Amino acid sequence: RKLQAIYNLFEGPPKPSVFFADMIMQMAQLALILGDQESATQLAVSSLQVAQGVAPRDGPYVQTKRLDAASILSQLGETEAALSLLDEVNTETLGETAGFGNALLLASIAKIYDSLGEKSKAETAVSSAFDQVPPGAPVNLLNFRVVETHSEVMYRYGKRVQSLESTRRAI
């Protein structure tokens, strides 16, 4: 019904586009915030399907939508579906081709693994991200998000020294 309401905003059915895929993903995130798990799942999957229909499946746009969908599904406890989407993401090139750097990508992936309870994968991803931030690097938004994620994950897993180290680097 909610998707039909969006269709009604357009003159006729909307044409598949990057804009439409983004809008559906935003609605999935809103449904998640509002606690509508069924709609969040359906909308995240629909967004990914639209993205795959308008952009190359291995391109950065579809890969980014896979991460978005995996994040939503992980928060809903859809572990297998989220892990399946993460397995399809090419972490070697996505951060650079999408324009936000591999460190931030790995930090995002670490948060998803953390929410899924995949401790070793979360630690590996966040440590790789943290290692890409050079000591003494200027603190900017990208570096801060990586360092903050590292600090959170390490603290949650009882690695207080590593958490403190990343916090010091941010200051």
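**Helix contacts and a few residues**

Author: Let's start with a contact: L83, L86 and D87 in α5 meet I109, I112 and Y113 in α7. Contact here means heavy atoms within 4.5 Å. Those residues divide into five nonpolar, no polar and one charged. For the classes, Ala, Val, Leu, Ile, Met, Phe, Trp, Tyr, Cys and Pro count as nonpolar, Asp, Glu, Lys and Arg as charged, and the others, Gly among them, as polar.

Reader: Before we go on, what kind of model is it, and how are residues numbered?

Author: This is a predicted model, where local features need pLDDT of at least 70 and side-chain atom pairs count only at pLDDT 80 or more, while totals for chains, interfaces and linings use all residues. Residues are numbered from 1 along each chain as its sequence is written, and side-chain values use heavy atoms, with hydrogens and water left out.

Reader: OK. How many helices and strands does the protein chain have?

Author: The protein chain has 10 helices and zero strands. Read from the N terminus, the order is α-α-α-α-α-α-α-α-α-α.

Reader: Back to α5 and α7. At what angle do they pack?

Author: About 155°, with the axes of helix α5 (residues 79–87) and helix α7 (residues 102–115) 10 Å apart. Axes are lines fitted to C-alpha atoms, for helices over the stretch in contact, and angles run from 0 to 180 degrees between N-to-C directions. α5 and α7 are therefore roughly antiparallel to each other. On that scale, angles under 35 degrees count as roughly parallel, over 145 as roughly antiparallel, 65 to 115 as roughly perpendicular and the rest as oblique.

Reader: And which hand is the crossing of α5 and α7, left or right?

Author: The α5 and α7 crossing is left-handed. A left-handed crossing has the near helix turned anticlockwise from the far one by less than a right angle, and a right-handed one has it turned clockwise.

Reader: What about α7 and α8, how do their axes cross?

Author: The axes of α7 and α8 come within 8 Å and cross at roughly 160°. On the α7 side the contact is made by A103, L106, A107, I109, A110, Y113 and D114, and on the α8 side by K121, A122, A125, V126, S128 and A129. By class, that contact has 10 nonpolar, one polar and two charged residues. The crossing of α7 and α8 is left-handed.

Reader: What about F19, buried or exposed?

Author: F19 lies in α2 and is exposed, with a relative accessible area of 55%. Buried means under 20% relative accessible area, exposed over 50% and partly exposed in between, using a 1.4 Å probe and protein chains only. F19 and V50 sit 31 residues apart in sequence and 9.9 Å apart in space, C-alpha to C-alpha.

Reader: New topic: where is S163, and what does its side chain reach?

Author: S163 is in helix α10 (residues 160–170). Its side chain reaches the backbone oxygen of S151 at 3.0 Å. S163 counts as buried, at 6% relative accessibility. Leaving out residues up to four places away in sequence, S163 touches S151, M154 and Y155.

Reader: Which residues does E123 touch?

Author: E123 touches M154, Y157 and K159, again not counting residues up to four places away in sequence. E123 is found in helix α8 (residues 119–131) and is buried, with a relative accessible area of 12%.

Reader: And R168, buried or exposed?

Author: R168 counts as exposed, at 59% relative accessibility. R168 is also found in α10, and its C-alpha atom is separated by 9.7 Å from that of S151, 17 residues away along the chain.

Reader: Last one: what share of the protein chain is buried?

Author: Buried residues make up 41% of the 171 residues.

Methods
Helices (H or I, at least four residues) and strands (E, at least two) are DSSP runs, numbered from the N terminus. A polar contact is a pair of N or O atoms within 3.5 Å; within protein, one must be able to donate a hydrogen and the other to accept it, and residues adjacent in sequence count only if both atoms are side-chain atoms.
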